[in-house]
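I opened my notebook to look through this structure, and these are my entries. Have a look along with me.

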Amino acid sequence: MTALTLSTAGPASLRADALVVGAAKGAKGVVLAPGAEAVDEAFDGRLAAVLEALGATGGDGELTKVPAPAGLKVPVVLAVGLGSAPEEDGSWDEDVLRRAAGTAARALTGSKKAGFALPLEDASAVTAVAEGALLGAYAFTAYQGGAKGAKDKGAAKQPLAEVALLGAKPRDKAHKAAAERAKVVAREVNIARDLVNTPPNDLTPEAFAAVASATAKEIGVKVQVLDEKALVKGGYGGILGVGAGSVNPPRLVKIAYTHPKAEKHLAFVGKGITYDSGGISLKPAGHNETMKCDMAGAAAVFASVVAVARMGLPVNVTGWLALAENMPSGNATRPGDVLRMYNGKTVEVLNTDAEGRLVLGDALTRASEEEPDAIVDVATLTGAMVMALGNRTFGVMANDDAFRTSIHEIAEEVGEASWPMPLPADLRKGLDSPTADLANMGERMGGGLVAGVFLQEFVTEGITWAHLDIAGPAFHEGAPYGYTPKGGTGSAVRTLVRLAERTATGDLG
Ligand code: BES
Ligand code: MN
Ligand code: ZN
């Protein structure tokens, strides 16, 4: 894992592989962002002019490399674009800083140490830059360099090993806390990414449950795993129905962090389909390798409970991981089968590819039993949500308007794109079944909302609940940008952690 230090060294005396500075769009061309002063001095005050001569504009996402002058103890300076400079009394946008630090860290893959001399006017800027750098310094190399006798196991692709934040104050309590928080959050986001990227032949429900158990034990958090026998005994018909076709049996994992001073209890519920083939309603061939990402909700839930525990927040958080593999076979659930869910309701399965709502239904009812103050489920639930909001924005639905607004605002605060979506009551009748209490598929139009309306049937009345459909942002197929790598993104972890922090301080807006 990439190390993070708050360095007291000035940029001119730091011995490293590179220095990172910010370049912004000024009224008359490139301007350097605060933090770059000493670096600019080493360039005799000409760094902005040099950058312009190299074609830089200071635009968001831009990266320019300049050989360092003799006065610096690094071979190269990286200027990252920060977009328009803020107004006189304004401050740098945190997500711009987070993205810029990520862009720089990615460009430094393979390097040992880099000094980040970006604008750090307060503790939240420290969090943003530290998070961005640590999230950008991510690579999934576990399956590379495996050739017999290979010595450099993916060595060329190892992420930047050390991030030195320059300009932060190592003795300032707020700065130190901000850096510590960033370390924990980034580490857990990266763990969620690892879980998503791990191929589905290795990350079976059992294997995922084993990872959760091992980590929980290591950090002193309670964990309980229901295996297929316990699921039968408990009447978890949804989870069992989805897992029925696979040789890798399903699991329901409960991971419970408690704090003696906690006044509130949150429950996080994650969709954990370790592979979604569609089941008997098999997905058409082509591009299905990305369906290993269908456990991203469970990964986000697991990672955020661990982050909250590592931070020691005074709030109780229970994570529920609904793990199953959706496969076709002679034992698989068929279209037409009726499942009896954990809450007793019967569901006619019209399409075995609408499996996420079945595993979540059981887990939502189970989570409700403990009467938490709120439940948030996270799921790569519908292609329809991707159609509606695109690849980078998750949808937020809830049975409580204020809670939905809070989650949307919290997501924005931590730099995760989301948008509020409704749960129209009229969509419920489309889920009527001639045979059972309801069907697992309804109207095609508004498919993401239909799924939300289905889930609502399994949340016990009176409990505040929100549903995050992360089908778009959970897995990034395009070229990396900012701090977002290819593959698993760790979507929703930062939002869940901040929700727990806000709940702990009683500051839910
Ligand atoms: N896991 C998929 C949804 C998905 C789509 C996740 C794209 C990530 C990217 C889900 O289980 C699914 O197959 N949903 C169906 C539901 C339909 C059959 C009602 C869908 O969206 O097509
Ligand atoms: Mn599916
Ligand atoms: Zn799915």
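I started at Glu413, which is partly exposed with a relative accessible area of 30%. For burial I used these classes: buried is under 20% relative accessible area, exposed over 50%, and partly exposed in between, with a 1.4 Å probe and protein chains only.

Glu413 makes a salt bridge with Arg502, where the closest N and O atoms are 2.4 Å apart. I called it a salt bridge when a side-chain nitrogen of Lys or Arg was within 4 Å of a carboxyl oxygen of Asp or Glu. The two partners sit in distant parts of the chain, 89 residues apart, with Glu413 in helix H12 and Arg502 in helix H14 (residues 493–504). My helices (H or I, at least four residues) and strands (E, at least two) are DSSP runs, numbered from the N terminus. Arg502 is buried, at 15% relative accessible area. Through shared partners, salt bridges join this pair into one network whose members include Asp60, Arg181 and Arg498.

A note on the source: this is a predicted model, in which local features need pLDDT of at least 70 and side-chain atom pairs count only at pLDDT 80 or more, while totals for chains, interfaces and linings use all residues. Residues are numbered from 1 along each chain as its sequence is written, chains are lettered from A and ligands numbered from 1 in the order in which they are written, and side-chain values use heavy atoms, leaving out hydrogens and water.

I stayed with helix H12 (residues 401–413) for Asp401 and Arg404, which lie three residues apart there, about one turn of the helix. They form a salt bridge with 3.3 Å between the closest N and O atoms. Asp401 is exposed at 52% relative accessible area, whereas Arg404 is buried at 17%.

How many salt bridges does the whole structure hold? I found 27. One of them joins the side chains of Glu218 and Arg310 (3.9 Å, N to O). Glu218 is in helix H6 (residues 205–219) and Arg310 in helix H9 (residues 296–311), so this pair ties together parts that are 92 residues apart in sequence. Glu218 counts as exposed at 58%, and Arg310 as partly exposed at 30%.

Last, I stepped back to the overall picture. I listed 14 helices and 20 strands. The C-alpha trace spans about 80 × 55 × 45 Å along its principal axes, and buried residues make up 56% of the 509.
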